[in-house]
Amino acid sequence: MAYLTDEQTAYLSKKANEVRASIIESLIAAGSGHSAGPLGMADIFTVMYFHVLHHDPKNPGWEGRDRLVLSNGHICPVQYAAMAHAGYFPIEELKTLRKFGSRLQGHPHRKKLPGIETSSGPLGSGLSQAVGMAIAGRMDKLDIFFYCLTSDGEHDAGQTWEAAMLAGREKLWNLIQIIDRNSIQIDGFTEDVMPLEPLREKYEAFGWHVIDVDGHNFEAIVDAVEQGKAVYEKPTFIIAHTIPGKGVDFMERKFEWHGNPPGKGPEDRVPKDKQGTEALRQLRTLGGKIRSEHE
Amino acid sequence: MIVPRAHLVPHVFDRAKLEGKPTRMGYGEGLVSAADENKNIVALCADLTESTQTHHFQKKYPDRFVEMGVAEQNLASVASGMAAMGKIPFIASYAMFSPGRNWEQIRTTICYNEQNVKVVGAHAGVSVGPDGATHQAIEDIAIMRVIPHMVVLSPCDALEAKKATIAAARFLGPVYIRFHREKTPVFTTEETPFEIGKAEIFFEPSGEPDVAIIAMGPLVHNALLAAEALAKEGVGVRVINSPSVKPLDGMIVEKAARDAGCIVTVEEHQIAGGLGSAVAEFLSSIYPVPIEFIGMRDRFGESGEPDELVEYFGMGVLSIQEVVRKVMKRKK
């Protein structure tokens with residue numbers, strides 16, 4: 001059973017592509033920042049901001065909103081791009097990313113940009129904050145959901161497991177964690193740096209309901225979230241298998257693109273001075289499927 | 001003599017007649033009082049519920065208490081999340097572990113986020129005693145007061161600890177309060193003023209002061225005893241209780257420097273980064289005078305009886321008198 005119509009899927013697909021192009025444009029303007037993670041999570045952020053979340057971009061402080069906590073703050077270019085396209089702020093402002101005086105800090109800050117639920121960057125503390133919000137929400141019997149987006153690399157941090165343990169004990173049905181399982185971190189592949197597998201079994205042992213999905217399949221993502229909302233006795237852990245750098249072929253699956261913007265990445269496929277334009281060309285032609293660029 | 005406005009107890013110099021009570025008990029009582037007046041107050045504790053005296057709250061408000069287990073990093077960040085939803089969390093552990101183990105979580109998820117969380121550090125100082133250096137937090141003030149938005153309080157007795165807890169609950173923003181394990185004299189009264197950002201003169205000589213002592217925590221009582229003894233030698237000492245390390249009461253500190261011309265700071269903490277440092281940082285750009293610092297001199301504590309350790313590390317009454325004489329000689 002599918003929760004999305006073909007029209008909805010096509011709309012999300014188009015929006016995700018716009019979000020990806022905005023990520024590249026903002027990174028080019030910034031001259032620094034992370035490429036692989038944001039591109040890999042563009043589909044999920046698009047689903048969140050254009051389908052899943054109950055929110056009001058024109059009134060970010062609305063008390064009845066669902067809360068989205070981004071734990072691995074370094075992928076904020078994707079959150080900023082999705083928020084801008086959803087109407088939180090002008091798309092043009094994305095070009096101020098990482099610049100002095102900008103609301104778009106290099107790692108997100110809740111006091112700068114309305115709509116950011118919590119400042120993040122230091123890895124491993126987002127899940128704790130989402131757990132705290134969910135506990136408070138349950139105390140006050142609020143009918144809202146708490147979504148926490150985490151990375152696989154930050155699961156090296158003990159604090160993530162402290163939070164996972166507490167969420168399991170508390171049976172936080174109102175908490176849904178989506179992990180960006182792209183299998184890379186700065187120093188290499190996660191299974192080489194610090195193996196996380198068997199990840200599903202670990203979370204199950206901690207009392208979570210676990211769902212594996214293709215993180216680029218809109219229907220699968222929405223199905224998993226809906227299932228998570230329906231599971232009433234446990235928190236839900238959605239393992240979103242994603243391709244880092246998704247949508248730009250010379251960035252895909254390369255941990256070397258973790259912390260570099262276009263123009264500063266490895267030159268094995270595309271020279272530095274062409275990386276930005278080539279990335280945008282690929283996104284605007286949907287990976288070469290169409291011959292002329294579309295906006 | 002004791003300043004009337006301070007409203008200290010009678011027989012303040014007779015330790016045998018004073019009630020002994022740990023400052024952490026003031027926290028336990030203050031937390032319940034604060035919770036009675038504000039339903040948004042919640043308490044979280046990292047497996048030290050009775051030791052930190054959080055169990056009184058837990059008993060009265062079980063639905064507003066969260067047991068965290070031995071997980072101090074989670075403790076800080078879960079509290080941040082609860083504060084984001086409008087709660088006022090008090091998070092309790094030993095100071096060695098919170099803020100000792102979870103500094104970055106306090107910095108980023110509480111202070112940078114400007115979340116209304118109160119960090120409660122019990123078992124501060126070498127007076128923890130027999131447990132030894134691993135459990136004696138003597139760096140907590142330093143690591144808390146360098147974080148923007150953080151207020152830092154160190155009450156001098158159990159009653160002031162209760163007032164500090166209630167004041168922290170009413171204050172909007174992050175606060176760190178340190179408490180002590182052992183029974184220490186209760187020498188203030190309900191009428192003794194307490195306000196975040198304010199210090200209070202407890203003892204004033206008959207004439208102009210020769211020295212001003214600025215102290216925090218239960219050692220304030222030692223400072224009073226030293227001042228009383230020195231008065232008999234004709235040395236005029238002003239004793240200032242400065243529970244608010246940050247914000248520091250600049251008015252009272254500057255006036256002390258101008259009136260006395262030299263200062264001794266007293267704290268059960270490293271002299272690097274503590275109350276003495278705060279006083280020195282402030283005065284050096286306003287009105288520099290000679291300052292001597294009483295506290296831990298870049299070393300760890302060790303096992304022993306609380307009083308024995310306080311004496312050994314130079315924070316006893318006689319040591320304070322000696323340092324007062326020393327700083328006077330440096331006056332121009």
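R170(B) and S51(B) are 119 residues apart in sequence, and from C-alpha to C-alpha they are 24 Å apart in space.

Okay, one thing to say before going on: this is a predicted model. Keep that in mind for everything that follows.

Let's stay with chain B and zoom out. Chain B has 11 helices and 14 strands. If you look at the C-alpha trace along its principal axes, the spans come to about 60 × 40 × 35 Å. As for burial, 60% of the 332 residues of chain B count as buried. And here's one about how the chain folds back on itself: take the contacts in chain B between residues at least 6 apart in sequence, and 80% of those join residues at least 24 apart.

Now a helix pair, still in chain B. Find helix α8, residues 250–260, and helix α9, residues 275–284. How do these two pack? Their axes are 10 Å apart, and the angle is about 75 degrees. Anything from 65 to 115 degrees counts as roughly perpendicular, so that is what we call α8(B) relative to α9(B). Who makes the contact? On the α8(B) side you have G250(B), V253(B) and A257(B), and on the α9(B) side V279(B), F282(B) and L283(B). By type, the residues of this contact are five nonpolar and one polar, with no charged ones.

Next, a few backbone details in chain B. Which two residues does a cis peptide bond join here? They are S98(B) and P99(B), with omega at about 20 degrees. You'll find P99(B) in the loop between β4, residues 88–94, and α4 of chain B.

Then there are two histidines to click on. H7(B) isn't a glycine, but its phi is positive, about 50 degrees. It's in the segment before β1, which is residues 20–22 of chain B. H7(B) has 15 C-beta neighbours inside 10 Å, so it counts as partly exposed. The other one is H149(B), also a residue other than glycine with a positive phi, near 80 degrees. H149(B) lies in the loop between α5 (140–145) and β6 (151–153) of chain B. With 14 other C-beta atoms within 10 Å, H149(B) is partly exposed too.

On to chain A. It has 10 helices and seven strands. The radius of gyration is 18 Å, close to the 19 Å from the globule rule for 295 residues, so chain A is as compact as a globular protein of that length. The C-alpha trace of chain A spans about 50 × 45 × 45 Å along its principal axes. Buried residues make up 52% of the 295. For contacts in chain A between residues at least 6 apart in sequence, 73% join residues at least 24 apart.

There's also a record to mention. An unreviewed UniProt entry places "domain: Transketolase N-terminal" at residues 14–264 of chain A. Over that stretch, the chain is 38% helix and 13% strand, and the C-alpha atoms at its ends are 27 Å apart.

Chain A has a cis peptide bond for us to look at as well, joining E197(A) and P198(A), with omega about 0 degrees. P198(A) is in the loop between α7 (190–193) and α8 (199–205) of chain A.

Last stop: where the chains meet. How many residues of chain B are in contact with chain A? There are 22, and they touch 21 residues of chain A. On the chain B side, α3 (72–84) and α4 (103–112) each supply at least two residues. Which one gives the most? That's α3(B), with nine residues. Sorted by type, the chain B side has nine nonpolar, nine polar and four charged residues.

Methods. Residues numbered from 1 in each chain as written. Chains lettered and ligands numbered in written order. Predicted model: local features only at pLDDT ≥ 70, side-chain atom pairs only at ≥ 80, totals over all residues. Helix = DSSP H or I, 4+ residues; strand = E, 2+ residues; numbered from the N terminus. Rg over C-alpha atoms; globule rule 2.2 N^0.38 Å. Buried ≥ 20, exposed ≤ 12 C-beta atoms within 10 Å, placed from the backbone. Contact = placed C-beta atoms within 7 Å. UniProt positions renumbered as here; feature names shortened; annotations may be inferred. Axes fitted to C-alpha atoms, helices over the stretch in contact; angles between N-to-C directions. Parallel < 35°, antiparallel > 145°, perpendicular 65-115°, else oblique. Nonpolar A, V, L, I, M, F, W, Y, C, P; charged D, E, K, R; others polar.
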